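Here's a quick briefing for the modelling folks. Have a look at the structure, then skim the points below.

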Amino acid sequence: MLLSIFIFLLKIPYSNHQTVSYVAASVNPPHGCPNFGLCTSVTTTLISSTNVSTVYEYGCAPDNCWCIDGTTNGTLPCDTIEDQCSGDPCGNPTNFLCTSKIDGHECSCQPGFTGSNCDSEVGTVCASAPCRSGATCQVSDNSTTGYTCKCTDKQFGDNCEFDKICAIAKCWNGGNCSSILDDSNYYCTCPDDWQGRKCEVANTIKVAPVFDGCYKYDYVTIGALQTKYSDNQMTSAKCNNFAQTQSKTMNYLTICGQWCMVSESPIANDTSNMNNDCKTPCGGNSSEYCGKLNQRCIVYEAGTVEMDPNPCTNTSLCNADIGNGVCVNWADTVTDGYACACGPFWTGRECDTPVPPACDPSPCINGTCVTNQQYNKYTCDCDPGFFGTECQYSDVCTASTCLYGGTCEETNNGGYKCDCLDPYFGNNCEEINRCDYGDPCVNGKCTTTVNGITPDFTCDCDDGWTGVNCDTTMPSGATHWPPAPSEAETKEKRSLLANKRDIKMTYSGFFVLRMGKKKKVGEKGSA
């Protein structure tokens, strides 16, 4: 029976695994320095210890605090935030209150003022912010309910609620902007040479030059021609452009090497023949021929430039005649040479498909739908605890989402991102890289063990340097420092370690390691 119990005990593993963990300082986390400063040489304080776990809390001696950007030493290390409000970045200090933050500044209204511009006195009609953001609210004289809104140059309306659309949309190439379709859209009236939504497309159709043949160079008919120019990078397109700059209509191009001659009628008078001199490549385009000066010349019928027809002369296009949209003349490469700018309640190729009111029905799941009447668009005013374009997400940012001074921003997909103070990083600003601060390896290469806020690192010292921080000069002639321990020192160290309990190891089987000596499982007595 005793033998069976003995064999059974041999088969049951006995675990005495103990974990060790480190937590951020309870005051001035993570290492105990104000304003999220970091420590170059952390201390630890025992918080709790059981047979399965031991927990230490980080701390820092004041002299070892390393201040992050935007902070400096005051009464205590790193306890002072540097001035971020010089130059009144918020605006008029009579109205705005600027508060320095570690990575910038924060603006709020001075006591007694409110509104987006902090220019409305508390207790007046303007305190309810009736004017659009950016506009200025002015209380009417001797009135408790009257006010006027002073709009910006891009706003109009009683409360500046509408956009001056032509102050936002710009026409190019000398076009003139006008507001159309009840100020919901704009139209650019273009000069004759331009077309398109913003007069950005040339209103011409170019026909390329047409090859006529290769002819013998003639000193009288060709060489004496005066309307010509030379270009070592000649091409037929360049010669054609030159022809179009002339006051007369030039119908023919004669290219002889780098020379371009243009004329109203043909100037070559022999029979076309493509001999080898004809096939001399153009200097500006090796895929086409330009002939050879004094030998052979390539002749083209000049290309033409024609005005692109304007289909918008048909007033029924885009249902413009009934006010649904406006036709915009466009390049011939666009379908049918035009496009439609539709009013806010119409869509489709011809502005022929009705668009329902933006908030009918309301797309806001957990909030109130607000219509922009000018464009028939909507925004959602979300109920507390929700966000998203349709208030479809529950809030995810809390005061503890982003650690150590990081700022949480909710994203359109229902998630969040943290903007971390330098040098913190990670999804929640939970990590540091010890090599990024305090210059731990003075004369060497630093390698970090990134594990949350644990400031572990090792140094690979440059030649001639040693020490944990590579800040000790190695004695002349030494290859290792300090010297390797003797055999007797090594034996003594092993003996000491054998009588200590290693809290990170797990021991299984018949014997259990305790302080002092090994005892069999079940043996009486205390360690």
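Y289 is partly exposed, with a relative accessible area of 35%, a label that sits between buried (under 20%) and exposed (over 50%), with a 1.4 Å probe and protein chains only. Bear in mind that this is a predicted model, where local features need pLDDT of at least 70, side-chain atom pairs count only at pLDDT 80 or more, and totals for chains, interfaces and linings use all residues. Numbering runs from 1 along each chain as its sequence is written, and side-chain values use heavy atoms, with hydrogens and water left out.

**Around Y289**
- Y289 belongs to strand β26, residues 285-289 (strands are DSSP E runs of at least two residues, helices H or I runs of at least four).
- Together with F211 and M274, Y289 makes a nonpolar surface patch of about 270 Å².

**A three-stranded sheet**
- Strands β1-β4-β3, in that order, form an open sheet with mixed pairing (two strands pair if DSSP finds at least two bridges between them).
- β1 (19-23) and β3 (42-49) are the edge strands with a single partner each, so one side of each has no neighbour in the sheet.
- β3 and β4 (residues 53-60) run antiparallel and are joined by 7 bridges; S49 has T54 in β4 as its bridge partner.

**EGF-like spans**
- The unreviewed UniProt entry places "domain: EGF-like" at several spans, including 162-200 and 393-430; such annotations may be inferred rather than shown by experiment.
- Residues 162-200 are 10% helix and 36% strand, with end C-alpha atoms 27 Å apart.
- Residues 393-430 are 0% helix and 26% strand, with end C-alpha atoms 25 Å apart.

Notes
Patch = residues over 30% accessible without salt bridge, like charges linked within 9 Å, V, L, I, M, F, W, Y side chains within 5 Å. Areas by Shrake-Rupley, 256 points an atom, 1.4 Å probe, with all protein chains shown as cover. Salt bridge = Lys/Arg side-chain N within 4 Å of Asp/Glu carboxyl O.
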